[in-house]
Amino acid sequence: MRPNEYNELLKKIRCSDDFRKSMQEKLSSASDEMTEYEDSVSGTDVITAKHRWGKFAAMAAAFVLVCGAVGGGAYHLANVNKTTKESSDISEAVQYASIYSRLKANKELFYGDMVINNDSEVIYRGTRLDIEPFIKYMDQFNTENEIEKEDFYESGRSITIDFYGKENEEEFAAKIAQAAADETINKISLYDEASYNFTLYNNGCYTMTDNEYNRTTYHCFTDGEKVFNDILEMYADENTLERLHTVTNKELEYELCEGFRNSTYDRAYYYPAGETDSLNYKIVDREGFANELRQYSWERVYEFNGDVSYYELGFIITEDGYMQFSSGMTYKLKNDSDLEAYNAVLKKHLIKKDFGEAASKEDILSAFAEDYTGEKVRFRKDDGQFTGDTECTATNFESLKNELSDFEWVTCKVDEPQIYENFYIAGALISRNGYIYPQSAGTHQCAYKLKNESDVEKLCELLDKYIEIKSE
């Protein structure tokens, strides 16, 4: 490449005035060396190491690319130099540089359009926003950290910022002129589409997209809810913020459904304020309970008062009007006037459960670990502290569980000593004395024992039918 060609190319690449001036000085001072080079090369002459200009030019161009000072000019540079070209037409500098760094390097060329969604409903649109506050905020994070696409998931609320070029600025006008003269430049981003996109969900997952090179990267903030709200407050007005913090019926329905799904069957544990021991409660009419909770207006908050009585039932629900779910979402009653009626709903659907109450068939079936299939069974003759296990096998574990659940069982304390004497470990502890202690997920506040002592012998016959000592 001749000096005048390189000089013209530098004008087309977005870079600082100081850098361009420096390159021009290098070009001027290199004239003698270039003359020597042009005089010496002919036909099959070999280029020797002393002719360094071509190498210097390539390094300078690479420097421009790596520092983010690239736009459509990157395509032009690749086209002129005829360097290695992948099928994607993306140079290595572009391919491995973070999309955010490319946006930041050319931030003066863009303004932002923002769309805020709440459960797919657009509640705010802002146009021609100053993106400088966004850039300053994002600079505190490592935006080069990426996650796998399969680890990325969308939540109910999102912020999208589309970054469009400023058509009236000199640099953007030069880019348009360059695009008109160079068919290798992707022109989509110049007018009809944003050059870059940033989409953040309130769970912290976000994407960065470079539309010119059709490239998207996936990321996640550690404290996603905070970042989401910080960016909201940069641009959204108070009315928009209030609407966004109000929990939609669709979102609440989803969280309650997932919360009850995580609970032990119709079981809740009540923790009085300041105490660590819980009391057993049962849930009455889960569907009706969820429907009544949905009748109230809720708002999002970050945390709730820890020194208050609460119930654990697959999610936490407190007596002072808060709910917290495993997703990390925490809701508070929007209107304090609803608190009395809300507590009446809790008392209606959460009833203290005493030991000795009847256990359902579903209670017994749910006592067994879901991933246990019965291939390996162990038996202990006493409390298991001093004797080893005897290896056994179950011939038909599903049938064994179903027939066990057909007996009449009642709840009992987990520390009854006979539970841990002469027992099988088979997805749950099954004692030949007539007890079952759950081994499904979570900490269990009760075990089960046969309601009728006369069924103990039948239980042992059933165990002998399906479980046998493993032969050596």
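Accessible areas here come from the Shrake-Rupley method with a 1.4 Å probe. Keep that in mind for the exercises below, which all use a predicted model.

**Exercise 1. Describe the protein as a whole: its surface, its buried share and its contacts.**

Start with the surface: the protein exposes about 25,500 Å², and carbon and sulfur atoms supply 46% of that area. Next, turn to burial: of the 472 residues, 46% count as buried. Then count the elements, and you will find 18 helices and 23 strands. Finally, look at contacts with a separation of 6 or more: 69% of them come from residues 24 or more positions apart.

**Exercise 2. Work out how helix α11 and helix α12 are oriented, and what their contact is made of.**

Find α11 at residues 224–235 and α12 at residues 238–245; they pack at an angle of about 155°, with axes 10 Å apart. Angles over 145 degrees count as roughly antiparallel, so α11 and α12 are roughly antiparallel to each other. The crossing of α11 past α12 is right-handed. Now list the partners: F228, N229, L232 and E233 of α11 meet L241, L244 and H245 of α12. Sorted by class, the residues of this contact are four nonpolar, two polar and one charged.

**Exercise 3. Do likewise for helix α17 and helix α18.**

Here α17 covers residues 397–405 and α18 covers residues 456–466; their axes come within 10 Å and cross at roughly 170°. The two helices, α17 and α18, are therefore roughly antiparallel to each other. From α17, the contact uses S399, L400, E403 and L404, and from α18 it uses L459, L462, L463, K465 and Y466. The contact of α17 with α18 has six nonpolar, one polar and two charged residues.

Terms used
Residues are numbered from 1 along each chain as its sequence is written. This is a predicted model: local features need pLDDT of at least 70, side-chain atom pairs count only at pLDDT 80 or more; totals for chains, interfaces and linings use all residues. Side-chain values use heavy atoms; hydrogens and water are left out. Axes are lines fitted to C-alpha atoms, for helices over the stretch in contact, and angles run from 0 to 180 degrees between N-to-C directions. Helices (H or I, at least four residues) and strands (E, at least two) are DSSP runs, numbered from the N terminus. Angles under 35 degrees count as roughly parallel, over 145 as roughly antiparallel, 65 to 115 as roughly perpendicular and the rest as oblique. A crossing is left-handed if the near helix is turned anticlockwise from the far one by less than a right angle, and right-handed if clockwise. Contact means heavy atoms within 4.5 Å. Ala, Val, Leu, Ile, Met, Phe, Trp, Tyr, Cys and Pro count as nonpolar, Asp, Glu, Lys and Arg as charged, and the others, Gly among them, as polar. Buried means under 20% relative accessible area, exposed over 50%, partly exposed in between (1.4 Å probe, protein chains only).
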